[in-house]
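Let's take a walk through this model, one piece of secondary structure at a time. Have the viewer open and follow along.

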Amino acid sequence: MGKVNLRGNHSKEKKTEFSLVRVKSTWKRKLAKKVNKDAVDCVSPAKMYEIITVKDTSWTVVSPIVFTYKVTETRDLLDPNNDTLLLGHITDPQQLEEIKDSNKPLKRFVVVDQEVYEIYGPKLTEYFESNNVLYKVLALPTTEENKSMEVAMTILEEVNNFSLDRRTEPIIAIGGGVCLDIVGLAASLYRRRTPYIRVPTTLLSYIDASVGAKTGVNFANCKNKLGAYIPPTAVFLDLSFIQTLPRRHICNGLAEMLKMALMKHRGLFELLENHGRMLLDTKFQDDKGVFGQSGLQAASQATRIAITTMLEELAPNLWEDDLNRLVDFGHLISPALEMKVLPSLLHGEAVNIDMCYMVYVSQETGLLTVEEKQRIVSCMVGLELPVWHEACTMELIQKSMQDRLKHSGGMVRMPLPVGLGKADIFNNTPYEILHRAYEKWCDELSVSSDSNRDP
C-alpha cells in the first residue's frame, strides 16, 4: 500500500476577500482592498471569500440580511378615516405620496379569525369599501387544535386565486396568536416571501406573537414544529379589540405580561400586583366612571412596558441564534402540558403553571425568598391564572427537560427569577431540587387550585 502524506495540505491556504460592487446593472467581485466607491454604483454589505488550498477551492459568502418592521399603537384602527391599516406599513415618503396620488385602487387579502369576524366583520367590510379597496376576506377557525399545515395551504390557495402582487400588497392577519402564526407561515411560503401585517385582537398576541418574527404550525403532535423566522412588515396594535374578549382570555394575556415583569421589570410586576384586577375588570379600556384616568394610564403603561421589554429581548436575536433567552421563561414545560391537555388549557394558562413551578424551583435554589415567592403566587392568583395542574407531573417535567437538552445545544438553558424583575439562565439545577420544588408546589397549591377550568 502506498503512503499518503497529509501534513502541510492546509498550510498553504490562500484566502482572498472580495467586495461585491454594482456597475451598470451587474454585480462584480472586486478585491476588497481596491474598491473605489466613487467608481461604482453601489457596494454591497455582503462579502465573498475565496479560499484555495492544495486540496480544493471554496467560496464563503457572508451576506447580512436586514428586516425592518414597525410596531404601531393606534386607536380606532377600523375607522374609515384612519389609513393606518392600508398605508401604515410604508416607510418611504415618496412611495406613500405616489400611492395617495394614484387612481389605482388598493388591493388587500385579509385572513381573520372566525370569531373575530363575527364581531368585526361589518366594520371591516365598511372600512375597505369606504376606502375603495379591492379585497378578499377569508374567515377561518384559527384555534390551537387546527393550527396545521392544511389550514396554511387553504390560505395559500385562496391567496393564489386572488393574485396578489407579492411586493406591494401585503397579506393582513387579524386575530389571536394562532391566526398570526399561521398567516405568517403562509406568507413566508408564498413566492418565497410575501409581506404581511399583523393585527392582534387578543391581549396575549398583543404583547407576544405580534412583536416577534416567529411563524409556525403544529406538527407530529408538537407545538410549532414547522415554521420560519419571517417578521411582519408591520404590526398595528389597537387596545379597543380587547374589550370584546372573554375575561378568561384577558387573564391568558396577563400571563405573558407577568412573564416579562418577572424576568426584566420590577415596576411592571408591582403594577400588575397592585392594579392587575382593575385592568382585568376594565378589559384594558378607559373607564372614567369607575377608575378615572388611572384605568387607561395603567393599561397603556402595562402594555408598553411589556412590548418594550419583549422587543429588547427579541430584536437582537430574531433568529434565536443565541439560545439563552429570558423570554423562554414559562416555556420549558408548558408546550408539552398544553398539547397533552388540549384544549382545556389556553397558552397563557399553561405558561403560568410552568412559571409557578419554576418560581418554586427558584425559591428552593435560594434565588428567591419565601416572601418573594408568595408575592408572585399571590399576584398570579389575583390575575385569576391557574397555578397548578394535575397533568403537570414529575414525569412530564423530566421529559420536557430531556427534550430541551436535545433542542438547545445540549444545555437546559433554564431562565429563573433571581428577585422581582431580575433573572438569569441556569444549566445545572440538580434533580433533587427540581423534585423538592415539585413536592412543595403540589403540597401548597394542588388543594386550592382549580385545574379543570371551563373553556
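Start with the open sheet: 4 strands, ordered 2-1-3-4, with antiparallel pairing. Its edges are strand 2 (26-31) and strand 4 (57-62), each of which pairs on one side only. From one strand to the next, the twist averages 30°, taken between N-to-C directions of lines fitted to C-alpha atoms, on a scale from 0 to 180 degrees. Strands here are DSSP runs of E with at least two residues, helices are runs of H or I with at least four, and both are numbered from the N terminus. Two strands count as paired if DSSP finds at least two bridges between them.

Before going further, a word on what you're looking at: this is a predicted model, where local features need pLDDT of at least 70 and side-chain atom pairs count only at pLDDT 80 or more, while totals for chains, interfaces and linings use all residues. Residues are numbered from 1 along each chain as its sequence is written, and side-chain values use heavy atoms, with hydrogens and water left out.

Back in the sheet, strand 1 (residues 14-23) and strand 3 (residues 42-52) run antiparallel and are joined by 8 bridges. Look for Ser19, which sits opposite Lys47 of strand 3.

Now jump to strand 12 (residues 234-237), which is covered on both faces. In a regular strand the side chains alternate between the two faces of the sheet. Here Ala234 and Phe236 point to one side, Val235 and Leu237 to the other, and all are buried, meaning under 20% relative accessible area with a 1.4 Å probe and protein chains only (exposed is over 50%, partly exposed in between). Strand 5 (residues 70-73) pairs with strand 12 in the parallel sense over 4 bridges, and Val71 has Val235 as its bridge partner. Strand 9 (residues 196-200) also runs parallel to strand 12, joined by 2 bridges; there, Arg198 partners Val235.

Helix 4 (residues 149-162) is the last stop. Its 14 residues reach 20 Å from first C-alpha to last, close to the 20 Å expected at 1.5 Å times one less than the number of residues. Which of its residues are buried? They are Val151, Ala152, Ile155, Leu156, Val159 and Phe162. These cover an arc of only 140° around the axis, so they lie on the same side of helix 4; the arc is that of the directions from the helix axis to the C-beta atoms. The face turned away from that buried side carries the exposed Glu150 and Asn161.
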